[in-house]
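User: Hi! Could you walk me through this model? I'd like to go through it topic by topic.

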2 protein chains.
Amino acid sequence: MSLSAPIQTRRPSSPGTPPFEAAFSAGMRDLDGTALRDMLRLAQVPGIVNFGGGLPAPELFPMQQIAQASTRALEKYGWRAVQYSTTEGFLPLREWLAEHTHLASPVTPDHIQIMTGGQQSLDLIAKILIDPGDTLLVETPTYMGAVQSFRPYRPNFAAVPTDEQGIDMDALAALLRDLAAQGRTPKFIYTIPNFQNPTGRTLSLERRQLLLDLTEQYGVLVVEDDPYGQLRFSGESLPSLAALMLERTGDDTDQSHVIYCSSFSKTLAPGLRDAWVQAAAPIIDRLVLAKQGADMCSPTLNQMIVTELLPLLPSQIARLRESYAGRAERMLRALGRELPSGVTYTVPQGGMFLWLTLPEAVDTAAMLPRAVENGVAYMIGACFHALGGGHHTMRLCYSNAGLEQIDQGVAALAQTIQTELER
Amino acid sequence: MSLSAPIQTRRPSSPGTPPFEAAFSAGMRDLDGTALRDMLRLAQVPGIVNFGGGLPAPELFPMQQIAQASTRALEKYGWRAVQYSTTEGFLPLREWLAEHTHLASPVTPDHIQIMTGGQQSLDLIAKILIDPGDTLLVETPTYMGAVQSFRPYRPNFAAVPTDEQGIDMDALAALLRDLAAQGRTPKFIYTIPNFQNPTGRTLSLERRQLLLDLTEQYGVLVVEDDPYGQLRFSGESLPSLAALMLERTGDDTDQSHVIYCSSFSKTLAPGLRDAWVQAAAPIIDRLVLAKQGADMCSPTLNQMIVTELLPLLPSQIARLRESYAGRAERMLRALGRELPSGVTYTVPQGGMFLWLTLPEAVDTAAMLPRAVENGVAYMIGACFHALGGGHHTMRLCYSNAGLEQIDQGVAALAQTIQTELER
């Protein structure tokens, strides 16, 4: 499976079809979603346990409160709730985010841009920063959606190895040195420090400081993607890269080279599409311009619904943590019990994912149809590798499965792997 | 005023600020929203009549029905209303749009992509089609938001003159011939055939056919932007370019080179951000991929709210037509009564805008602060010129002002112009 295989359209073009393929831009011509779409379709088989998607638990969405918040927002703001909002976003929400994004921080609403989902944050950051041929650093493995956002702007990806504590800092230092020797300064490094998608790993505090050292030294911006940070269920909370950087700049937000992204998709509900970026004002100013051209403004009503739900957030997050802790524990126990030897997995302290590494002989893409036949689906690890590799890895999502489903799914998975090893 | 003047950030950078400016991509470095933002701020003076913004009348938003639709959607669909939706969009909405976008057309849901506002349609169409240096054809004047969506992809704009009936077809033919002689085939032509933003003009039926002839002949895609088409209050409805093209292809949607865009922003409410693109399946397939990277999916709840409101649409559109007809008529009467000679204006058959051309000696950008002092604001015509020009023109929006405000605003405008001519 490759992210840059030629596109397959849904149906063969008729002989006289306008030559659309030739009209596509270079950045989009080579982008392929077919394999991923096929994989997602494969996992749609009713009755199977689907560890493949990256969905939050829908039974934990605060449905009653969302309905009340919608009614309240429409009553309180009237037509303003469905008129265009400012491109920057609804001010009361930006005020709250300025105060709460990093504890005790000097962030103001001018440092916050509301986005239509975290995916838009990644798209617009790429849009304002990347010229074709620019170098981007990404983790190995990394969130495939980020690669999909970045790729149309035609960067060259450089992949940084990771281990149990996140980015391997010696490898990063060596890579930056090598690139500098070639006269290349990466535009930014993209990282998910907390409960990474796909591995579930967390960047240690010491490495957070080292990452800031190295990126400051080489003049590389840091794009910190933190959709899962609130979902910690074990271990100690770590400050964000953005917060650590603000300590260094003496609370001068405009001196920070960290662009911080987060979202309400994993704490409230993803279908509202409410997310934000916090960064130095020159970055935010440029994101505002990019957003004017991208969708003018995020839906006004949705920003107001989230604002109405802010008082609910602490109890909602506590509820999610408790539930996800139970699911992760159940999955870890089942994996320990069922998996054949030679398969390793990560132990997340929060978030929604963990990561399996199988013996090199197993190709998880080839194995997927057999797993589905046995009643379980997962996400193929190769999807998360910007430069290829990872054929013997997979991501499991535990947030969207019940406890008994987890036992059942892991048993089916273990049996599939066992059979695969015996082939 | 220029769209490509150097950026002014909100506050001066401190000496040690990271060199953000140097990090910005070429497509975004030169984009400037300052002049427009300043103009919009200028128009925020309380108590003035603002013909500047392009806002629909908020007192006509069906607020009660929107609130009921939200409640109903949340009851009917439960957690599905706030979970991720498919990237393509909510199927019942796409089914309805396939049936209703062009009367008696063979469009299927596979030819419809839901977008987060019409602005996103323009952004993603540009993203899938434009390589740096590609030629794009735009009308003179054209919607400035479209230029803002297209510019980050670094096209070369070629501007097509227009007259009372829309695009000047002789000029277009000559331009296409000249470009072909240079070996340049424009990627697409961007046009708003109905009640154009900013002029209010409508492309005649004869010219619609000629536009299809010419673009077919030269292999140029057509991006038909039609947010106002439903808002006709006089004259006869004309078929869309997309519908005319389907007649030519014998109803084979995939043979059409017209990419049709519309939205619920002007018929229901813009803050819901619900819009769509209808095009050949290879185009839609590529837009789906672009949208995955841009915002994953449009907000689910909002798509369901609009779906619940579809039965209301005919009566809501009738209400808007009647109201906008009255406002346009009032403005036209006031302009005829008040304006000094030498000022001409367009007579729209629908939509929200009309267009004033003043004597060459008047610079409407320089005049704006004096107009605001006199109690009226407008949109500077130069904003709508992708290649400069139009300094003596302006756009007036009548949809967002009451009848007495219209009289009052036009009187203030006429007085300002009179004084300007006597300077």
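Analyst: Happy to! One definition to begin with: a salt bridge here is a side-chain nitrogen of Lys or Arg within 4 Å of a carboxyl oxygen of Asp or Glu. This is a predicted model, where local features need pLDDT of at least 70 and side-chain atom pairs count only at pLDDT 80 or more, while totals for chains, interfaces and linings use all residues. Residues are numbered from 1 along each chain as its sequence is written, chains are lettered from A and ligands numbered from 1 in the order in which they are written, and side-chain values use heavy atoms, leaving out hydrogens and water.

User: Good. Which residue forms a salt bridge with A:Asp123, then?

Analyst: That is B:Lys127, with the closest N and O atoms 2.7 Å apart. Across the interface of chain B and chain A, the rule finds 4 salt bridges.

User: And how many residue pairs are in polar contact across that interface?

Analyst: There are 38, counting pairs with both residues at pLDDT 80 or more. A polar contact is a pair of N or O atoms within 3.5 Å; within protein, one must be able to donate a hydrogen and the other to accept it, and residues adjacent in sequence count only if both atoms are side-chain atoms.

User: Which helix gives the largest share of chain B's side?

Analyst: H11(B), with 12 residues. Helices here are DSSP runs of H or I with at least four residues, strands are runs of E with at least two, and both are numbered from the N terminus.

User: What area is buried between the two chains?

Analyst: About 7,400 Å², of which carbon and sulfur atoms give 57%. Buried area is the accessible area (1.4 Å probe) that two parts lose on being put together, summed over both. In residues, 90 of chain B are in contact with 90 of chain A, contact meaning heavy atoms within 4.5 Å.

User: Which surface do the copies use to meet?

Analyst: The same one, because 100% of the interface residues of chain B are also interface residues in chain A. Chain B can be laid on chain A by a turn of 180° and a shift of 0.0 Å along the axis, with an RMSD of 0.0 Å. The two copies are thus related as by a two-fold rotation axis. The superposition is by least squares on the C-alpha atoms of residues with pLDDT of at least 70 in both.

User: Switching topic: what's the strand order in the open sheet of 4 strands?

Analyst: In chain A the order is S10-S11-S14-S13, with antiparallel pairing. Strands S10 (344–345) and S13 (379–380) of chain A stand at the edges with a single partner strand each, so one side of each has no neighbour in the sheet. Two strands pair if DSSP finds at least two bridges between them.

User: How many bridges join S11 to S14 in chain A?

Analyst: 5, between residues 353–357 and residues 393–397. As one of the partners, A:Leu354 has A:Leu396 in S14(A). Helix H13 (residues 313–338) of chain A packs on the sheet, touching S10, S11 and S14 of chain A.

Definitions and conventions. Axes fitted to C-alpha atoms, helices over the stretch in contact; angles between N-to-C directions.
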